[in-house]
Amino acid sequence: MKYMKSIIGGLIALVIVVVIFASVTTVASGNRGVLLQLGAVKPTILTEGFHFKIPFIQTVQLIEVRVQKEESSQTAASKDLQTVTTNVAVNYSVNPDAVNKLYQEIGLDYRSRIVDPAIAESLKAITAQYTAEELISKRPEVSAKVKDMLGKKLTKYFMILEDINIKEFAFSEEFNKAIESKQTAEQNALRAQRDLERIKIEAEQKIAQAGAEAEALRLKKQEVTAELIQLKQIEVQEKALEKWDGRLPSVTGGATPFIDLNGLTTK
């Protein structure tokens with residue numbers, strides 16, 4: 001009898017322990033708890049930490065509210081009907097104040113049911129508004145429009161778009177070759193234009209130099225007067241006299257020339 005009482009007491013204690021453990025729950029960091037009562041979603045949202053619940057009647061479903069990353073590669077058509085493959089990275093999170101509604105209306109597979117289709121739809125809709133070349137040259141504008149559209153879609157389903165990054169626009173091989181040929185032609189045209197401008201500038205410089213030289217020559221001619229010529233002749237004669245050694249030049253035949261030296265005349 002005493003032995004049976006011990007067994008019963010042990011069972012009661014075990015039940016109490018089980019009930020106590022079933023009455024508490026812990027919500028880990030970065031999560032929120034959706035409180036379910038016999039399978040029905042309750043409006044109460046459990047925050048991080050320790051909580052009590054009705055054992056065997058209430059359960060808690062944890063939903064992560066940290067920022068999550070989804071990378072996607074989507075193929076669409078541009079405005080000029082070029083095939084474009086867009087690689088995009090999306091950062092989003094579940095609205096911590098609406099995890100109960102998310103669980104009730106969508107469930108835990110919200111990534112495949114909502115996020116992925118919303119990314120694909122937004123990319124295709126915005127890509128169709130631009131030509132292939134505009135997608136490259138206006139990437140920030142395209143990214144902003146995709147972010148705006150995707151943000152509105154996710155908000156409807158209790159999620160928050162944190163950021164979006166379009167990593168790459170990939171085009172067909174034929175389009176890439178066409179772009180490369182166009183860039184080469186533009187570079188050649190630019191090089192030819194620069195060469196033409198250089199030749200033009202050099203020609204203008206030569207014309208200006210020739211004009212300056214002609215003007216300098218004209219000014220020099222204006223400075224030449226009869227007095228200047230006579231002065232130059234005198235300078236030449238003086239230099240000749242400085243170099244003369246006093247000897248008369250030898251003359252064969254004819255008369256001896258007259259030389260006027262210091263006012264004396266020798267015959």
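Student: Over how many bridges do S6 and S7 pair?

Tutor: This is a predicted model, in which local features need pLDDT of at least 70, side-chain atom pairs count only at pLDDT 80 or more, and totals for chains, interfaces and linings use all residues. Residues are numbered from 1 along each chain as its sequence is written, and side-chain values use heavy atoms, with hydrogens and water left out. Strands (E, at least two residues) and helices (H or I, at least four) are DSSP runs numbered from the N terminus, and two strands pair if DSSP finds at least two bridges between them. S6 and S7 pair in the antiparallel sense, and the number of bridges is 10.

Student: Which strands stand at the edges of the sheet that contains S6?

Tutor: The open sheet has 3 strands in the order S6-S7-S8, with antiparallel pairing. An edge strand has a single partner strand, so one side of it is left without a neighbour in the sheet. The strands in that position are S6 (68-77) and S8.

Student: At about what angle to S8 does H5 run?

Tutor: Axes are lines fitted to C-alpha atoms, for helices over the stretch in contact (heavy atoms within 4.5 Å). Angles run from 0 to 180 degrees between N-to-C directions. H3 lies across S6, S7 and S8, at about 40 degrees to S6. H5 lies across S7 and S8, and its angle to S8 is about 140 degrees.

Student: Which residue of S5 is the bridge partner of Asn 31?

Tutor: A second open sheet of 3 antiparallel strands has the order S3-S2-S5, and its edge strands are S3 (40-46) and S5 (58-64). S2 and S5 pair over 7 bridges. Within S5, Val 34 has Gln 61 opposite, while the partner of Asn 31 is Glu 64.

Student: Which residue in the hairpin of S2 and S3 takes a positive phi?

Tutor: S2 and S3 run antiparallel and are joined by 4 bridges, and Gln 37 has Ala 40 in S3 as its bridge partner. The hairpin has 2 residues between the strands. The residue with a positive phi, near 55 degrees, is Leu 38.

Student: Is Thr 127 buried or exposed?

Tutor: Thr 127 lies in H3, and, leaving aside neighbours within four places in sequence, Thr 127 is in contact with Ala 76, Ala 77, Ser 78, Lys 79, Val 84, Thr 86 and Leu 135. Buried means under 20% relative accessible area, exposed over 50%, and partly exposed in between (1.4 Å probe, protein chains only). The relative accessible area of Thr 127 is 2%, so this residue is buried.
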